[in-house]
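Good morning, colleagues. Please have the sequence and the model open as we go through a few side-chain interactions and the packing behind them.

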Amino acid sequence: MKLAHRLGFYFFGFIIGLFLLFFFLGGKKASCDYTPTARVLKNIRIKKRTFSEEVLASMYNYSIDTADISNILKSGSVDFGKSNTKLDSCNTYFIEGEVKEKTIGLVIANCDSIARVDALEIIK
């Protein structure tokens with residue numbers, strides 16, 4: 001069998017395989033959260049969020065709303081050097097993100113059923 005025929009059969013099977021993958025997995029909301037940052041942010045996003053009074057006051061002063069916090073939790077980054085992940089009850093994470101041309105740092109306590117935003121600071 002010629003090399004051209006072999007490549008033709010290979011690509012034909014490859015295209016059929018891709019079609020089947022897109023058909024079966026196309027409607028699912030599958031995500032690949034392999035990095036530690038992505039796993040932590042996804043874990044916090046799926047939980048109910050509560051805000052401390054200090055954070056609510058800071059959000060009011062800096063014109064930040066809960067949608068901005070949600071955007072930080074989608075595209076932010078976790079600084080594990082400033083986080084405390086060795087606690088038994090609620091691990092505390094420091095998350096940085098950019099909203100409205102401001103870099104914002106959040107301190108979030110990630111408990112079993114809720115994620116509590118304990119502090120909000122403007123960085124730079």
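A search of the whole structure returns two salt bridges, the term meaning a side-chain nitrogen of Lys or Arg within 4 Å of a carboxyl oxygen of Asp or Glu. Please bear in mind that this is a predicted model, in which local features need pLDDT of at least 70 and side-chain atom pairs count only at pLDDT 80 or more, while totals for chains, interfaces and linings use all residues. Residues are numbered from 1 along each chain as its sequence is written, and side-chain values use heavy atoms, with hydrogens and water left out.

In one of the salt bridges, the side chain of Asp68 meets that of Lys100 at 3.3 Å, N to O. Which parts of the chain does this pair link? Asp68 lies in helix H4 and Lys100 in the loop between S3 and S4, 32 residues apart. Helices here are DSSP runs of H or I with at least four residues, strands are runs of E with at least two, and both are numbered from the N terminus.

Are the two partners buried or exposed? Asp68 is buried, at 8% relative accessible area, whereas Lys100 is exposed, at 52%. Buried means under 20% relative accessible area, exposed over 50%, and partly exposed in between, with a 1.4 Å probe and protein chains only. Leaving out residues up to four places away in sequence, Asp68 touches Ser63, Val99 and Lys100; contact means heavy atoms within 4.5 Å.

The other salt bridge joins the side chains of Asp118 and Arg116, at 2.9 Å, N to O. Here Asp118 is partly exposed, with a relative accessible area of 25%, and Arg116 is likewise partly exposed, at 32%.

Let us return to H4. Besides Asp68, its buried residues are Ile69, Ile72 and Leu73. Seen down the helix axis, the buried residues of H4 fall within an arc of 145°, so they line one face; the arc is that of the directions from the helix axis to the C-beta atoms. The face turned away from that buried side carries the exposed residues Lys74 and Ser75. What do the buried residues of H4 pack against? Their partners are H2, strand S1 (48-51), H3, S3, S4 and S5.

I turn now to the nonpolar core, defined as a set of buried Ala, Val, Leu, Ile, Met, Phe, Trp, Tyr and Cys residues joined through side-chain atoms within 4.5 Å. The largest has 19 residues, of which Ile44, Ile95, Leu106, Ile108 and Leu120 touch the most other members. At least two residues of this core come from each of helices H2 (36-45), H3 (53-61) and H4 (66-75) and strands S3 (91-99), S4 (102-110) and S5 (114-123). Apart from neighbours within four places in sequence, Leu120 has contacts that include Val55, Met59, Ile69 and Leu106.

Finally, the aromatic residues. The search finds three aromatic pairs: rings of Phe, Tyr and Trp (its six-membered ring) pair if their centres lie within 6.5 Å, and planes under 30 degrees apart count as stacked, over 60 as edge-to-face and the rest as tilted. Tyr10 and Phe11 form an edge-to-face pair, because their centres are 5.3 Å apart and their planes at 70°. Tyr10 and Phe14 are stacked, with centres 6.1 Å apart and planes at 15°. Being four residues apart in helix H1 (residues 3-25), Tyr10 and Phe14 are separated by about one helical turn. Ring pairs thus link Tyr10, Phe11 and Phe14 into a cluster, in which Phe11 is partly exposed at 44% relative accessibility and Phe14 is partly exposed at 43%.
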